[in-house]
Amino acid sequence: MKYGVVGASGKLGKEVINIFAEHNHELVFTFDLQGEWIQSAPEILIDCSLPEVFDKMLSFARTYNIPVIVAPTGLTEENMKNLKDYSKTKPVVQSSNFSFGIQILLELTKIAKEKLPEWDVEISETHHRFKKDKPSGTAKMIQDIFGEKKINTTSLRLGNVPGDHTVNFAGLGEVISIQHRALSRRTFAEGILMSAEFSLKKTNGFYAFTDVALEK
C-alpha cells in the first residue's frame, strides 16, 4: 500500500515506518514538526501524532479521501464526533492501544469482573516520562469494563517504559493480577499494520482495534 504518516518523526511514527517497510509498503506522505513531505497521494493515513494535530490530520484524510488509523490518546469528544462523521464515508480505526495482547487482557478482565463481583479491584499503569495524558487511554478502556463503578487507578511516568498495565482483583485471602507489559513500541506498530490492512478491505465504518483483532 501507499501510505502516509502524521507524526512521522515521533517514536511510534518511526516504528510504524520500519514495520511497514519490512512488508514492502511505500511511504509517500509525512507530516511532522519539520513540515509536510509528499511523493504521491497516499491510499491510507496513519496518525501517530498528538491531539493538538487532530484537525490537521483529518484535513489531510479528507483531502485524499482515504481511510485513517488513529493512535493518539487524549482525544476530545469533539474529535471523536468528527472521526465518526468521517467514518460514514471512509473506514476509521481508532484505539488507545494497538497491542494484540491488550485485547486478551481486556477479555480476561471481563471474565474476572463477572466471576468476582465482590472483590476489590485496582488498576495500575506505567508509561515513559514523556506521555502527557494520565491515566492512560488503555487504563480508561479497562475502567470502561466496569461501567459506572469507579475503579482507582495508579499512574506512574518513569524513564522510557512503553506501557505496563495491571488489573488487580483481591478477595480476603487471595489476589489475582492480570498484567500486560509492552516490551517495545513494535507491538503497537504491528497492530497499526493489521488495522491498515483491515481498513483497506472496508468501504466505511468506525472500528476499534478490538474489531481488527477479532477478525484475525
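Predicted model: local features only at pLDDT ≥ 70, side-chain atom pairs only at ≥ 80, totals over all residues.

Does Asn24 count as buried or exposed?

Analyst: Residues are numbered from 1 along each chain as its sequence is written, and side-chain values use heavy atoms, leaving out hydrogens and water.

Asn24 counts as exposed, because its relative accessibility is 69%. The scale works like this: under 20% relative accessible area is buried, over 50% is exposed, and anything in between is partly exposed (1.4 Å probe, protein chains only). You'll find Asn24 in the loop between helix H1 (11-22) and strand E2 (26-32). Those labels are DSSP runs numbered from the N terminus: helices are H or I with at least four residues, strands are E with at least two. Asn24 also has a positive phi of about 65°, even though it isn't a glycine. Asn65 sits in the loop between helix H2 (54-64) and strand E5 (68-70), and with 43% relative accessibility it counts as partly exposed.

H2 packs with helix H3 (residues 77-86) at an angle of about 5°, their axes 11 Å apart. (Axes are lines fitted to C-alpha atoms, for helices over the stretch in contact, and angles between N-to-C directions run from 0 to 180 degrees.) The two helices are therefore roughly parallel; that label covers angles under 35 degrees, with over 145 being roughly antiparallel, 65 to 115 roughly perpendicular and the rest oblique. From H2, the contact uses Phe54, Asp55, Leu58, Ala61 and Arg62, and from H3 it uses Asn79, Asn82, Leu83 and Tyr86. Contact here means heavy atoms within 4.5 Å. H3 also holds Lys84, which is partly exposed at 44%.

Now for the sheet. Strands count as paired if DSSP finds at least two bridges between them.

Let's go across it pair by pair. E7 and strand E8 (residues 152-157) run parallel, with 6 bridges between them. Ile123 is opposite Thr153 in E8, and His127 is opposite Arg157 in E8. Together with helix H5, E7 and E8 make a right-handed β-α-β unit; right-handed means that, with the strands pointing away from you, the path from the first strand over the helix to the second runs clockwise. Between strand E7 (120-127) and helix H5 (137-145) there is a loop, and Pro135 is in it. The peptide bond between Lys134 and Pro135 is cis, with omega about 0°.

On to E9. E7 and E9 are antiparallel and joined by 7 bridges; Thr126 stands opposite Asp164 in E9. E9 and E10 are antiparallel too, with 8 bridges, and a hairpin of 4 residues connects them. There, Thr166 has Gln179 in E10 as its bridge partner. E9 is largely enclosed by the rest of the structure, because 6 of its 8 residues are buried.

One last stop is Gln103, in helix H4. Gln103 is buried, at 7% relative accessibility. Setting aside neighbours within four places in sequence, Gln103 is in contact with Asn97, Phe209, Thr210 and Ala213.
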